[in-house]
Amino acid sequence: MKSAKQISLIFSFALLLILTACTKKEEAEIAGFQLSTLESSKKNDKDLKFTYGHPVNLRSGGVARSWVAKDQSGKPVALGVELPEKAIFNLKDEPIVFTIELPKDAGVSPFEQITLDWNPHGHEPDHVFTLPHFDLHFYAISEQERLKIPLILPPSMDLAPADKYLPVAYVLGPGVVPAMGAHWVDVLSPEFNGGTFTKTFIYGSYNGNITFFEPMFTVDYLKKKTIESIPIRQPQAFRVNGYYPQSYSFSYEKSGKVFNIALTDLTYRKGE
């Protein structure tokens, strides 16, 4: 996401929408939802081949780089970003966005680029995402397409994708963040149910199409150096053929003192 100034109006009505968003049918689906047990691909798996993207200078003592893991048949199983501990904990006290290219010939459709957004003061909605945190956007559109996305101010709402392209209990916030899109938040996450924001997963869209997949995570969460894989609730369908994540993961490598945040358990889905 952009800085708080850029999206201060975008989420101003979001909490009101969240409180009234779920129909009785959706509530029943939520109640019956079972998280599947997913085995995430580990970054140190000797059977996987890793390719890396061009390093990006974080201006604070280190570089970030993307990576793709493929199995022996050449199928992509995970897409992630490597972040050096020293650099990300020493960023300046001002918002900044880094563009991270995918490895050359990554072969992991529909993904085309990644951005890492640093939000030292958080952003709206108030009392939800206001802790210092990172937004890691995995875009399913090109940079040229992304940069053409305009600002749309609340109370206007962007054209929503068909229901089948989003999981149950994801709610659209008003407006559109320029060069990014509209944001769909997970109202089952702890931060919307009396808990504290640590990590969450957001879907993004623009003009009726899914544009990005976004793990958000706080500095405090990273400092715990937790190794964790979190299932991603799935939509009924996907519009574009490609490899979509069933989970996202966090890991920490002591030897290199780097974090890896990844979309994992990539599974091929046919578009419809």
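Phe201 is buried, and Tyr248 is buried too; buried means under 20% relative accessible area, exposed over 50%, and partly exposed in between (1.4 Å probe, protein chains only). This is a predicted model: local features need pLDDT of at least 70, side-chain atom pairs count only at pLDDT 80 or more, and totals for chains, interfaces and linings use all residues. Residues are numbered from 1 along each chain as its sequence is written, and side-chain values use heavy atoms, with hydrogens and water left out.

**Aromatic pairs**

- The whole structure holds 20 aromatic pairs. Rings of Phe, Tyr and Trp (its six-membered ring) pair if their centres lie within 6.5 Å; planes under 30 degrees apart count as stacked, over 60 as edge-to-face and the rest as tilted.
- Phe89 and Phe259 make an edge-to-face pair, at 5.8 Å centre to centre and 70° between the planes.
- This pair links distant parts of the chain, 170 residues apart. Phe89 sits in the loop between helix H4 (85–88) and S5, while Phe259 belongs to strand S15 (residues 258–264). Helices (H or I, at least four residues) and strands (E, at least two) are DSSP runs, numbered from the N terminus.
- Phe89 is partly exposed, with a relative accessible area of 26%. Phe259 is buried, at 2%.
- The rings of Phe201 and Tyr248 have centres 5.2 Å apart and planes at 40°, so this pair is tilted.
- Phe201 in strand S10 (residues 199–206) and Tyr248 in strand S14 are 47 residues apart, so to speak of this pair is to link distant parts of the chain.

**The seven-stranded sheet**

- Seven strands form an open sheet in the order S5-S6-S7-S11-S10-S9-S8, with antiparallel pairing. Two strands pair if DSSP finds at least two bridges between them.
- Strand S5 (96–100) and strand S8 (170–172) stand at the edges. Each has a single partner strand, so one side of each is left without a neighbour in the sheet.
- Neighbouring strands of this sheet are turned by 25° against each other on average, direction ignored. Axes here are lines fitted to C-alpha atoms, for helices over the stretch in contact, and angles run from 0 to 180 degrees between N-to-C directions.
- Strand S6 (residues 113–119) and strand S7 (residues 133–139) run antiparallel and are joined by seven bridges. In S7, Phe138 is the bridge partner of Ile114.

**The cavity**

- One cavity of 30 Å³ or more turns up in the whole structure.
- The largest cavity holds about 30 Å³ of space.
- Its lining includes Tyr221, Leu222, Phe250 and Phe259.
- Helix H6 (219–223) and strand S14 (247–253) each supply at least two lining residues of the largest cavity. S14 gives the most, with three residues.

**Backbone details**

- The peptide bond from Ser109 to Pro110 is cis, with omega near 15°. Pro110 is in the loop between S5 and S6.
- Pro154 and Pro155 are also joined by a cis peptide bond, with omega about 5°. Pro155 lies in the loop between helix H5 (143–147) and S8.
- Arg59 is not a glycine, yet has a positive phi of about 65°. Arg59 lies in the loop between strand S2 (56–57) and strand S3 (63–70), and is exposed, with a relative accessible area of 65%.
- Ala179 also has a positive phi, about 60°, although it is not a glycine. Ala179 lies in the loop between S8 and strand S9 (182–186), and counts as buried at 13% relative accessibility.

Terms used
On a 1 Å grid over the protein atoms alone, a cavity is a set of points where a 1.4 Å probe fits but cannot get out, and a pocket is an open set with protein on both sides within 12 Å along at least five of seven lines; lining residues have an atom within 4 Å of a point. Grid points are joined across faces, edges and corners, and a volume is the space filled by probe spheres set on the points.
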